[in-house]
Amino acid sequence: MAFSIKEHYDFQDMLEIMKILRAPNGCPWDREQDHHSIRNNFIEETYEAVEAIDTDNVDLMREELGDVLLQVLFHCQIESEKGNFTFADVVDELAHKMIERHPHVFSTVKVNSSKEVLKNWDVIKNHTKHRDSGSEVLKAVSPALPALMRAAKVQKKAQKLGFPEEIKAEENEKTISPEKAGAYLFEAVRAVKKAGVEPEEMLSKETEAYLSRYESWEKSSGK
């Protein structure tokens, strides 16, 4: 397949490169891949991009964002070959979403703060996703997130929905300072490991139990 070697390439060139790599005469490895076989690659590249952000390494950030983009293009090319959607479709859907969720920029809605922007975003998102209950909102938090990140996000959303904080009586008077929070979590992991179970697995199960408790509370309180 013909391809012009250049000193500088643009986005259309990258789309063509991805297409060539997956073509019958392209790269055997690239041709063998599917969504599941490159799933972990997506996760790894994302974390490496996050590392570049955390370290303020601009050169590394440029490289790693490119690697994340490659994963997006790879998945889009796989679906394009199946006739399901293309990268252009992804961009089109994203553009529509951004316009719809920023009515204070692209329409006549007025906001006075970032807090109002986020509130409107959630309202619009839940409406378009047809999430009519708090339970549906909480269950929409991806189970694929790291367990701690998911637990924190679920708790934050639940509290915004009015779910009372669950604090055991003996812990009611305890306050953990920000300085000690990391050590507290670290020791919690140590204790869980000592009990012979995996922290990620246990926290995921506890989050599921929390979701069940929220759902029961929602039904009983008529929310």
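In which helix does Glu51 lie? The model is a predicted one, and in it Glu51 belongs to helix 3. With a relative accessibility of 45%, Glu51 counts as partly exposed, because that class covers values between 20% and 50%.

Glu51 is also one member of a group. Together with Glu44, Glu48, Asp54, Asp56 and Glu63, Glu51 makes up a patch of negative charge on the surface. The main contributor to this negative patch is helix 3, which spans residues 39-54 and supplies four residues, the most of any element.

Attention may now pass from like charges to opposite ones. Side chains of opposite charge can pair when their charged atoms come close. With a cut-off of 4 Å between the side-chain nitrogen and the carboxyl oxygen, the model contains eleven salt bridges. Three of them are examined here, including the one between Lys160 and Asp122, where N and O are 3.1 Å apart. Lys160 is exposed, because its relative accessibility is 58% and the class begins over 50%. Asp122, at 22%, counts as partly exposed, since buried would require a value under 20%.

A further salt bridge connects Glu215 with Lys139, and its closest N and O atoms are 3.3 Å apart. Glu215 is part of helix 11 (residues 199-221), while Lys139 is part of helix 8 (residues 134-139), so this pair ties together parts that are 76 residues apart in sequence. Both partners are classed as partly exposed: Glu215 has a relative accessibility of 25%, and Lys139 has one of 45%.

The remaining example is the salt bridge in which the side chains of Glu198 and Lys193 meet, with an N to O distance of 3.1 Å. Glu198 is partly exposed at 43% relative accessibility. Lys193, with a relative accessible area of 44%, is likewise partly exposed.

Technical notes
Residues numbered from 1 in each chain as written. Predicted model: local features only at pLDDT ≥ 70, side-chain atom pairs only at ≥ 80, totals over all residues. Heavy atoms only, no water. Buried < 20%, exposed > 50% of the residue type's maximum accessible area, 1.4 Å probe, protein only. Helix = DSSP H or I, 4+ residues; strand = E, 2+ residues; numbered from the N terminus. Patch = residues over 30% accessible without salt bridge, like charges linked within 9 Å, V, L, I, M, F, W, Y side chains within 5 Å. Areas by Shrake-Rupley, 256 points an atom, 1.4 Å probe, with all protein chains shown as cover. Lys, Arg positive; Asp, Glu negative; His and termini not counted. Charge placed at Lys NZ, Arg CZ, Asp CG, Glu CD.
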